[in-house]
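Please keep the sequence and the structure in view while reading.

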Amino acid sequence: MKKSWKERFDKLEHAEIHKSWLYLLYIYLVLPALLLLLAYLSQKKTFALLFHNYGLFVANPIPGGSLSGWVGLILGIFFTANALRKKDWKDSALCLVLLAADAAYFLLGVNYMLLQLLPSIG
């Protein structure tokens, strides 16, 4: 039997974050990978710029000039704290590993190496 829209909305209204590391995986890896693939396959400057800006302003967990890095850091802290609050140690550990891996990605400059595959945005 199909559920009504009201039933679906009520279910969404009470939704909780069950595994924080899944959200971080999506924010730090899946979405940037999809944006990179879209930019690479289309070879359009618009998508290359979208990939670059998403990386700098959303996925980057290292605060820098202006607003770059703050969103990624706040999201990482929020999801890790959420896992710690629930006393889910495995989830917390995975969040910390993803946060560290994402920081290494930006500290080592891998994001700029990947930009070389895309059309020039400068």
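## A buried residue in a helix

A residue is called buried when its relative accessible area is under 20%, and exposed when that value is over 50%. The model shown here is a predicted one, and Thr 80, found in helix H4, gives a case to which the cut-off can be applied. The relative accessibility of Thr 80 is 8%, and therefore this residue counts as buried. Leaving aside residues up to four places away in sequence, Thr 80 touches Leu 24, Ser 92, Cys 95 and Leu 96.

Helix H4 runs over residues 70-85, which makes 16 residues, and from its first C-alpha to its last it reaches 22 Å, close to the 22 Å expected at 1.5 Å a residue. Its buried residues are Gly 72, Gly 76, Phe 79, Thr 80, Asn 82 and Ala 83. Seen down the axis of H4, these buried residues fall within an arc of 155°, so they line one face of the helix. An α-helix has 3.6 residues a turn, so residues three or four places apart point the same way.

What do the buried residues of H4 pack against? Their partners are helix H2 (20-42), helix H3 (45-59) and helix H5 (89-107). On the face turned away from this buried side, H4 carries the exposed residues Ile 74 and Arg 85. H4 is followed by Lys 87, a residue whose phi is positive, near 60°.

## How H2 and H3 meet

The axes of H2 and H3 come within 8 Å and cross at roughly 165°. Angles over 145 degrees count as roughly antiparallel, and H2 and H3 are therefore roughly antiparallel to each other. In passing H3, helix H2 makes a left-handed crossing. On the H2 side, the residues that make the contact include Leu 31, Leu 35, Leu 36 and Ala 39, while those on the H3 side include Phe 47, Ala 48, Phe 51 and Tyr 54.

## Leu 118 after helix H6

Leu 118 lies in the segment after helix H6 (110-115). Is Leu 118 buried or exposed? With a relative accessible area of 7%, Leu 118 is buried. Not counting residues up to four places away in sequence, Leu 118 touches Leu 36, Ala 39, Tyr 40, Ala 48 and Phe 51. Leu 118 and Ala 93, by contrast, are 25 residues apart in sequence and, from C-alpha to C-alpha, 34 Å apart in space.

Terms used. Residues numbered from 1 in each chain as written. Predicted model: local features only at pLDDT ≥ 70, side-chain atom pairs only at ≥ 80, totals over all residues. Heavy atoms only, no water. Helix = DSSP H or I, 4+ residues; strand = E, 2+ residues; numbered from the N terminus. Expected span 1.5 Å × (residues − 1). Buried < 20%, exposed > 50% of the residue type's maximum accessible area, 1.4 Å probe, protein only. Arc of directions from axis to C-beta. Contact = heavy atoms within 4.5 Å. Axes fitted to C-alpha atoms, helices over the stretch in contact; angles between N-to-C directions. Parallel < 35°, antiparallel > 145°, perpendicular 65-115°, else oblique. Left-handed = near helix turned anticlockwise from the far one by under 90°.
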